[in-house]
Amino acid sequence: MPIPEDVTGDEIDKDVRQELMSLPKTLAEDVARNLVMVARLIDEDPEEAYAYSRIALRLASRVAAVREAAGFAAYATQKYSEALAEFRAARRMTGSVELWPVMADCERGLGRPEKALAMAGEPEVQKLDKAGQVEMRLVAAGARRDMGQIDAAIVTLQSSELASHSVQPWTARLRYAYADALLEVGREDEAREWFGKALEADKDGSTDASDRLAELDGVEFVDVLDEEADTADTDGTAHTAEADDETGSAPEGRDEQDRPAAN
C-alpha cells in the first residue's frame, strides 16, 4: 500500500523505535512507516489502518509493538477474535498487563460478557495504573449491561473516580457511562445531571454528551444539507409530475443512507 512521502517513520514513539532497533535498518524503517499510518488512520479510516497493520505484522510479527498495533487495528474494525489473539501475543512478549481491559472488552465483543466480568476480578487488575483500572471498571459495567444487569452496572460505575471533582483523561467517559446507565432505568433527572458533568469534562469531544442533553431537553437537530436536498426533491417532483401528465411515467424515489452508530 502507498505511504505518503512525508511519512518517515521517525514520528513513532521512542519506545516503539527502540523495539524496532532489533530489526535491520531498512526493514525497521518500513515497519515504522506502516505503524505511523496505522496511528494516523485508526480513528478516521479503521479499515485502511487495519490494512497497514497487516503489512507491519507480515514484516515484523516478533515485535510486541507491532502485535499491539495490529490488535488495536483489528479491534477498531470489530475483528474481536483477531484483536484478542494479537493482544495476547503482545502480552506474552512483554509480560505487561496494560492490555488487560481491552482484552476483556474483546470478550464482550465476542458475546462472552461473563468472561469479561471474570477478568475484572483477576489479580491483573490490581497491577494496572489508575487509568487502566477505570477502563476495567467501564468494561465490567458494560458486561453487566450485556447480561441485563443494569442495576449492577450502575453500582459498578459508582466509585471514588466518579465522585471526584478533578478532571482526568477518563472522567468524561466514566460520567457518560454512568449517565447512560441511569437513563436506561428511567432516572432521567439524574441522567441529565451526569450528562452535564460529562460534557464539562469532555475537552476533546470524546463523547456525544451535548447531543444526549439536547435530546433529553426535546431539541431536534435539522441537517441543513438534508433540508436543501428535500427542497430540491420537492421541486424536482413537481416538475416530474408535470412531465407525467404527458408521458404517464412515475418519478423514482431516492434512498437515504444512515451512518452506523459507534459501539
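How do helix 4 and helix 5 lie relative to each other, roughly parallel or roughly antiparallel? The views below, taken from a predicted model, begin with this pair.

**View 1. Helix 4 packs against helix 5.** In this predicted model, helix 4, made of residues 64-76, and helix 5, made of residues 80-94, have axes 8 Å apart and pack at an angle of about 160°. Because angles over 145 degrees count as roughly antiparallel, helix 4 and helix 5 are roughly antiparallel to each other, and their crossing is left-handed. On the side of helix 4, the contact is made by Ala64, Arg67, Glu68, Ala70, Gly71, Phe72, Ala74 and Tyr75, which meet residues of helix 5 including Tyr80, Phe87 and Met93. Sorted by class, this contact of helix 4 with helix 5 has 11 nonpolar, 2 polar and 4 charged residues.

**View 2. Arg67 in helix 4.** Arg67 is a residue of helix 4, and with a relative accessible area of 18% it is buried. Leaving aside residues up to four places away in sequence, Arg67 touches Leu57, Ser61, Glu86, Ala89, Ala90 and Met93.

**View 3. Helix 11 packs against helix 12.** Helix 11 (residues 171-184) and helix 12 (residues 188-201) have axes 8 Å apart and pack at an angle of about 165°, and they are therefore roughly antiparallel to each other. Helix 11 passes helix 12 in a left-handed crossing. Among the residues that meet here are Tyr176, Tyr178, Leu182 and Leu183 in helix 11, and Trp194, Phe195 and Ala198 in helix 12. By class, the contact of helix 11 with helix 12 holds 11 nonpolar, 1 polar and 5 charged residues.

**View 4. Helix 9 beside helix 11.** Helix 9, which spans residues 150-157, and helix 11 have axes that come within 10 Å and cross at roughly 150°, and that makes helix 9 roughly antiparallel to helix 11. The crossing in which helix 9 passes helix 11 is left-handed. From helix 9, Ile150, Ile154 and Leu157 take part, and they meet Leu174, Ala177, Tyr178, Ala181, Leu182 and Glu184 in helix 11. The residues of this contact of helix 9 with helix 11 divide into 8 nonpolar, no polar and 1 charged.

View 5. The structure holds 21 salt bridges, and one of them joins the side chains of Asp180 and Arg145, at 3.0 Å from N to O. This pair links distant parts of the chain, since Asp180 is in helix 11 and Arg145 is in helix 8 (residues 130-146), 35 residues apart. Arg145 is partly exposed, with a relative accessible area of 27%. Glu184 also forms a salt bridge with Arg145, and here the closest N and O atoms are 2.3 Å apart. Glu184 lies in helix 11 and Arg145 in helix 8, so this pair ties together parts that are 39 residues apart in sequence. Glu184 is partly exposed, with a relative accessible area of 49%.

View 6. Arg192 forms a salt bridge with Asp189, and the closest N and O atoms are 3.5 Å apart. Both Arg192 and Asp189 lie in helix 12, where they are 3 residues apart, about one turn of the helix. Arg192 is partly exposed, with a relative accessible area of 26%, whereas Asp189 is exposed, with a relative accessible area of 61%.

Key
Residues are numbered from 1 along each chain as its sequence is written. This is a predicted model: local features need pLDDT of at least 70, side-chain atom pairs count only at pLDDT 80 or more; totals for chains, interfaces and linings use all residues. Side-chain values use heavy atoms; hydrogens and water are left out. Axes are lines fitted to C-alpha atoms, for helices over the stretch in contact, and angles run from 0 to 180 degrees between N-to-C directions. Helices (H or I, at least four residues) and strands (E, at least two) are DSSP runs, numbered from the N terminus. Angles under 35 degrees count as roughly parallel, over 145 as roughly antiparallel, 65 to 115 as roughly perpendicular and the rest as oblique. A crossing is left-handed if the near helix is turned anticlockwise from the far one by less than a right angle, and right-handed if clockwise. Contact means heavy atoms within 4.5 Å. Ala, Val, Leu, Ile, Met, Phe, Trp, Tyr, Cys and Pro count as nonpolar, Asp, Glu, Lys and Arg as charged, and the others, Gly among them, as polar. Buried means under 20% relative accessible area, exposed over 50%, partly exposed in between (1.4 Å probe, protein chains only). A salt bridge is a side-chain nitrogen of Lys or Arg within 4 Å of a carboxyl oxygen of Asp or Glu.
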